[in-house]
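Work through the following exercises with the sequence and the model at hand. Each task is followed by a stepwise solution.

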Amino acid sequence: MTTALNRRLGAGLLHHASVHPGHVALTIGRRDHTYAETADTARRWAAALVETAPAGRPRRVAVFAQRNEVAYLGVAAALFAGAAFVPLNRKFPA
């Protein structure tokens with residue numbers, strides 16, 4: 001079930017990147033990120049995740065970030081790699 005959900009979430013970003021590549025996908029602080037650049041970065045990160053995973057594809061990816069580009073792009077990269085993402089935060093209990 002998680003894999004099907006991941007594909008749907010990732011597909012939405014890819015769809016918007018192909019239909020509206022120049023539209024703003026994320027605004028963080030004063031910086032706008034377009035769908036095209038968001039999808040491109042997430043694809044590159046996903047490729048790196050797949051290349052470095054022992055089994056060829058990670059099952060889970062921990063995303064250690066707080067409401068910034070790294071967090072959003074890390075989640076998208078995990079989805080593109082076909083993995084579940086696990087959000088981590090330094091404020092979470094051990």
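**Exercise 1.** Describe how helix H2 packs against helix H3.

Solution. Step 1: the axes of H2 (residues 35-52) and H3 (residues 69-80) come within 8 Å and cross at roughly 60°. The model is predicted, so local features need pLDDT of at least 70 and side-chain atom pairs pLDDT 80 or more, while totals for chains, interfaces and linings use all residues. Residues are numbered from 1 along each chain as its sequence is written, and side-chain values use heavy atoms, without hydrogens and water. Helices (H or I, at least four residues) and strands (E, at least two) are DSSP runs, numbered from the N terminus. Axes are lines fitted to C-alpha atoms, for helices over the stretch in contact, with angles from 0 to 180 degrees between N-to-C directions.

Step 1: H2 and H3 are therefore oblique to each other, the class left after roughly parallel (under 35 degrees), roughly antiparallel (over 145) and roughly perpendicular (65 to 115).

Step 2: from H2, Thr-38, Ala-39, Thr-41, Ala-42, Arg-43, Trp-45, Ala-46 and Leu-49 meet Val-70, Leu-73, Gly-74, Ala-76, Ala-77, Ala-78 and Phe-80 of H3, where contact means heavy atoms within 4.5 Å. The residues of this contact divide into eleven nonpolar, three polar and one charged; Ala, Val, Leu, Ile, Met, Phe, Trp, Tyr, Cys and Pro count as nonpolar, Asp, Glu, Lys and Arg as charged, and the others, Gly among them, as polar.

**Exercise 2.** Is His-33 buried or exposed? Is Arg-60 buried or exposed?

Solution. Step 1: His-33 lies in strand S2 (residues 31-34) and counts as buried at 8% relative accessibility. Buried means under 20% relative accessible area, exposed over 50%, and partly exposed in between (1.4 Å probe, protein chains only).

Step 1: beyond four places in sequence, the contacts of His-33 are His-23, Val-24, Ala-25, Leu-26, Thr-38 and Glu-69.

Step 2: Arg-60, in strand S3 (residues 60-64), has a relative accessible area of 56% and is therefore exposed. Not counting residues up to four places away in sequence, Arg-60 touches Ala-83, Ala-84 and Val-86.
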